[in-house]
Amino acid sequence: MLETLAVGAGQAKVLEAINLLVDFARFHFVEEEKLMERAGFEGLPIHRAQHVRLLEQMAQIERHFKEGSRLTDDTVIQRLRDWAVDHLLAEDRKYAATLTGKYIQ
Ligand SMILES: [Fe+2]
């Protein structure tokens, strides 16, 4: 998906990729929150709020892009990468120990 954005695709392709990413993010967030709930992860309310904020930011990127703002493809890619790295690799790992202790022996 990010590869699609990285090759300087046209606006329709970029929007399609953003939509796919938003759909994936929604699915991922819902499933992740279910896991956290089952595991009794104390940080769930904060993490859920981060998910809401991320979806809002993604919607904002999509809206700006549709409105023809001067966001370059590179800016869109960088923001989406920041989202992926900052949240998926940093925040999501915080509950890994909780899940590991409960489900993985
Ligand atoms: Fe998350």
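What percentage of the 105 residues of the protein count as buried? In this predicted model, the proportion that counts as buried is 8% of the 105 residues. The protein contains five helices and zero strands, and its elements, read from the N terminus on, follow the order α-α-α-α-α. Among the contacts in the protein with a separation of 6 or more, 68% are accounted for by residues 24 or more positions apart.

Helix 2, which spans residues 11–39, and helix 3, which spans residues 44–66, have axes that come within 11 Å and cross at roughly 170°. Because angles over 145 degrees count as roughly antiparallel, helix 2 and helix 3 are roughly antiparallel to each other. On the side of helix 2, the contact is made by Val14, Leu15, Ile18, Val22, Ala25, Arg26, Phe29, Glu33, Met36 and Glu37, while helix 3 contributes Leu44, His47, Arg48, His51, Leu54, Leu55, Met58, Ile61, Glu62, Phe65 and Lys66. Taken by residue class, the contact of helix 2 with helix 3 comprises 13 nonpolar, two polar and six charged residues.

Helix 3 itself consists of 23 residues and reaches 33 Å from its first C-alpha to its last, a span close to the 33 Å expected at 1.5 Å a residue. After helix 3 comes Gly68, a residue whose phi is positive, with a value near 75°.

Note on methods
Residues are numbered from 1 along each chain as its sequence is written. This is a predicted model: local features need pLDDT of at least 70, side-chain atom pairs count only at pLDDT 80 or more; totals for chains, interfaces and linings use all residues. Axes are lines fitted to C-alpha atoms, for helices over the stretch in contact, and angles run from 0 to 180 degrees between N-to-C directions. Helices (H or I, at least four residues) and strands (E, at least two) are DSSP runs, numbered from the N terminus. Angles under 35 degrees count as roughly parallel, over 145 as roughly antiparallel, 65 to 115 as roughly perpendicular and the rest as oblique. Two residues are in contact if their C-beta atoms, placed from the backbone, lie within 7 Å. Ala, Val, Leu, Ile, Met, Phe, Trp, Tyr, Cys and Pro count as nonpolar, Asp, Glu, Lys and Arg as charged, and the others, Gly among them, as polar. The expected span of a helix is 1.5 Å times one less than its number of residues. A residue is buried if 20 or more other C-beta atoms lie within 10 Å of its own, exposed if 12 or fewer, and partly exposed in between; C-beta atoms are placed from the backbone.
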